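Trainee: Could we look at the aromatic rings together?
Mentor: Gladly, let's go through them one at a time.

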Amino acid sequence: MSATQIMPALFLGHGSPMNALQNNTTTKQWQELGQTLPRPRAILLLSAHWLTRGTAISTASRPQTIHDFGGFPAELFAMQYPAVGAPELAKQIAASLSIPVTRIDSQGLDHGSWSALVHLYPEADIPVFQLSLDQNLRAQQQFQVGRELRRWREQGVLIIGSGNVVHNLRALAPGSPPLPWASRFNQAVTEGLIAEEDQALLDYKTLVDTGTAELCHPTDEHLQPLFYLLGSAFPGERRLLFNNSLEMGAISMLSLQLG
């Protein structure tokens, strides 16, 4: 990667942990991304599955693979993603932010991270670390943290947000077509991303009719990685949407590549 090249940034709809084991449309797209993106110096991940009060960053030198789920096959629990961390880089990034950041050297990689990384970078040969989703911050403030992270894209860091544009586990219906409210919200987000209406997306509860956002997100931790990711965007850079589908009625796989 040249000194002037800016690393892309990604929001990935990660769906079920079972994607780690499967060869499907979603995972094939992840594989293709790993083969075509510029090789990053390191990967900074923001996952829906690491929530904290106050911002935290992982400084583990060898982050463990966390199996933070239940009821899945033993083969999934046996999976490991043995990438090294990037403790010194993590400390530099923490120091560059305008908010206090707690360094945690015991934090591993949750399934929102490694279930995609096993396809993106199966050799696990790129350093990986995570920044938590700060539940004390509003969407606009999370966007601002993303804005402060943006300059690290110019220094070879691939920023990945892992979540879902629609995520309602209570409404899941395997084999079901997309639920109408899930489709309406997913389409509104799709249009907002294309039109670069980021402020409207931060105020996501007003995107469509009353109550739809709450149906799509009984809790919104799966949408929050998108707020950070949008903050990391450079003005006018390309936005590529992919994997734009709804699974089991109420899980959106809509994903975004910046740059």
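**Aromatic rings in this predicted model**

Trainee: Is Phe72 buried or exposed, or in between?
Mentor: Buried means under 20% relative accessible area, exposed over 50%, and partly exposed in between (1.4 Å probe, protein chains only). Phe72 has 28% relative accessibility, so this residue counts as partly exposed.

Mentor: A word on the source: this is a predicted model, where local features need pLDDT of at least 70 and side-chain atom pairs count only at pLDDT 80 or more, while totals for chains, interfaces and linings use all residues. Residues are numbered from 1 along each chain as its sequence is written, and side-chain values use heavy atoms, with hydrogens and water left out.

Trainee: Why is the pair of Phe69 and Trp114 tilted?
Mentor: Rings of Phe, Tyr and Trp (its six-membered ring) pair if their centres lie within 6.5 Å; planes under 30 degrees apart count as stacked, over 60 as edge-to-face and the rest as tilted. For Phe69 and Trp114 the centres are 6.2 Å apart, and the pair is tilted because the planes are at 55°.

Trainee: Is Trp114 buried or exposed?
Mentor: Its relative accessible area is 1%. Trp114 is therefore buried.
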